Amino acid sequence: MIVRCGACRSQFEVPGAGRFSCPVCGSVNVVRAAGPPPPDAGGFHTPPPPPPPDPPSPKVTCPECEFRFIVGQIEVAKCPNCGADVPTGWKEPT
């Protein structure tokens, strides 16, 4: 594939996607893989749907003060409201 250097505008050949130094000026050029094909003459290109959202972070309720808060991957969390130990139900994979 023939590409044009972004710095000196000279053309040079590369085997495909990757990072290549220009043989004329030495600038590193990033060559990306080919994008989606152009739309048909009478149609429109529909972009792919967005990726699904991340699942919501789990919430726990403190058994002492009933404060609800978000926790990560931890077996026991400290309640930010009263400081009590709150089991989260998460178990570390073995």
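Setting aside neighbours within four places in sequence, S10 is in contact with V3, R4, C5, C22 and V24, where contact means heavy atoms within 4.5 Å. You will find S10 in the loop between strand 1 and strand 2. S10 counts as buried because its relative accessibility is 18%; buried means under 20% relative accessible area, exposed over 50%, and partly exposed in between, using a 1.4 Å probe and protein chains only.

Before going on, a word on the model: it is predicted, so local features need pLDDT of at least 70 and side-chain atom pairs count only at pLDDT 80 or more, while totals for chains, interfaces and linings use all residues. Residues are numbered from 1 along each chain as its sequence is written, and side-chain values use heavy atoms, with hydrogens and water left out.

**The overall fold**

The chain has zero helices and eight strands, giving the pattern β-β-β-β-β-β-β-β along the sequence. Helices (H or I, at least four residues) and strands (E, at least two) are DSSP runs, numbered from the N terminus. Of the 94 residues in the chain, 19% count as buried. Among contacts between residues at least 6 apart in sequence, 8% join residues at least 24 apart. The accessible surface is about 7,700 Å², and 56% of that belongs to carbon and sulfur atoms; these areas come from the Shrake-Rupley method with a 1.4 Å probe, and for residues only the protein chains shown count as cover.

**A hairpin and some positive phi values**

Strand 3 (residues 18–21) runs antiparallel to strand 4, and four bridges join them; two strands pair if DSSP finds at least two bridges between them. R19 stands opposite V30 in strand 4. The two strands form a hairpin with six residues between them. Strand 4 (residues 28–31) has N29 and V31 on its covered face, with V28 and V30 on the uncovered one.

Most residues other than glycine have a negative phi.

| Residue | Phi |
|---|---|
| R9 | near 70° |
| E66 | about 65° |
| G26 | about 85° |

R9 sits in the loop between strand 1 (2–4) and strand 2 (11–13). E66 belongs to the loop between strand 5 (59–61) and strand 6 (68–70), and E66 counts as exposed because its relative accessibility is 64%.

**The cores**

Which residues make up the largest nonpolar core? The eight are V60, C62, F69, V71, A77, C79, A84 and V86. A nonpolar core is a set of buried Ala, Val, Leu, Ile, Met, Phe, Trp, Tyr and Cys residues joined through side-chain atoms within 4.5 Å. A second, separate core of six residues includes V3, C5, V14 and V31. In soluble globular proteins, nonpolar side chains tend to be buried together. Neighbours within four places aside, A84 is in contact with C62, E64, A77, K78 and C79.

**Around T88**

T88 lies in the segment after strand 8 (85–87). Is T88 buried or exposed? T88 is buried, because its relative accessible area is 19%. A polar atom of the T88 side chain lies 2.3 Å from the backbone oxygen of I74, and the side chain of T88 also reaches the backbone nitrogen of W90 at 3.3 Å. Apart from neighbours within four places in sequence, the contacts of T88 are V60, V71, I74, E75, V76 and A77.

Key
A polar contact is a pair of N or O atoms within 3.5 Å; within protein, one must be able to donate a hydrogen and the other to accept it, and residues adjacent in sequence count only if both atoms are side-chain atoms.
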